[in-house]
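Try each task before you read its solution.

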Amino acid sequence: METISYTLPPEQDGATVRHILKAALHVSSHAISRLTRTENGIRVNGIHARTVDILHTGDVLEVETSDHCPPRVRPTPGPWSLPIVWEDGHLLVVNKPAGMTAHASNFLPDTPTVAGALTWQRARTSCSTRCTGWTRAPPD
């Protein structure tokens, strides 16, 4: 488990722990919520801290990084209908059904996704094409 340490400079004296986590360390609200429920997830000068605590010049804010970034979810391949509208060596256009998400989520790992449907279709055709971006067609 790694720790991020941040020493508060004079210009940030009086800021809250939450403000420094978001503004200086770029920690998401969701990650902050997880850190508050983790024993010693947030510490100031080695002592457990709350997000509403006020920091002063020279204080050392420490955050456990293991809770910082959830593991990345790989798409679950599946035989979901995903009509291909156009395909060449550089571009693939599909007609994504309403309600199908574009990629896998930590919250819904087994949900049908465009990435999962493409992974399944590509595995069946022995294609090694890699998907590098997503965009949405403009409305009619």
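**Exercise 1.** Which side chain does aspartate 53 meet in a salt bridge? Then classify both partners by burial.

*Solution.* This is a predicted model. Aspartate 53 pairs with arginine 50, at 3.1 Å from N to O. Now take the accessibilities. Arginine 50 has 53% relative accessibility, so arginine 50 counts as exposed, because exposed means over 50%. Aspartate 53 has a relative accessible area of 21% and is partly exposed.

**Exercise 2.** Find the salt-bridge partners of arginine 43, and say which parts of the chain they tie together.

*Solution.* Start with glutamate 62. Its closest approach to arginine 43 is 3.2 Å between N and O atoms. Arginine 43 sits in strand 2 (residues 42–44) and glutamate 62 in strand 4, so this pair links parts 19 residues apart in sequence. Next comes glutamate 64, with N and O atoms 2.9 Å from those of arginine 43 at the closest. Glutamate 64 is also in strand 4, so that pair joins parts 21 residues apart. Shared partners put Arg43, Glu62 and Glu64 in one network.

**Exercise 3.** Is glutamate 62 buried or exposed? List its contacts too.

*Solution.* Buried means under 20% relative accessible area. Glutamate 62 has 19%, so glutamate 62 is buried. Beyond neighbours within four places in sequence, glutamate 62 touches Thr3, Ile4, Ser5, Gly41, Ile42, Arg43 and Gly46. Arginine 43 is buried as well, at 12%.

**Exercise 4.** Locate leucine 91 and name its surface patch.

*Solution.* Leucine 91 is in the loop between strand 5 and strand 6. Leucine 91 is partly exposed, at 45%. With Val85, Trp86 and Val93, Leu91 forms a nonpolar surface patch of about 380 Å² accessible area together.

Terms used: Residues are numbered from 1 along each chain as its sequence is written. This is a predicted model: local features need pLDDT of at least 70, side-chain atom pairs count only at pLDDT 80 or more; totals for chains, interfaces and linings use all residues. Side-chain values use heavy atoms; hydrogens and water are left out. Buried means under 20% relative accessible area, exposed over 50%, partly exposed in between (1.4 Å probe, protein chains only). Contact means heavy atoms within 4.5 Å. Patches are made of residues with over 30% relative accessible area and no salt bridge: like charges are joined within 9 Å, nonpolar side chains (Val, Leu, Ile, Met, Phe, Trp, Tyr) within 5 Å. Accessible areas come from the Shrake-Rupley method with a 1.4 Å probe; for residues, only the protein chains shown count as cover. A salt bridge is a side-chain nitrogen of Lys or Arg within 4 Å of a carboxyl oxygen of Asp or Glu. Helices (H or I, at least four residues) and strands (E, at least two) are DSSP runs, numbered from the N terminus.
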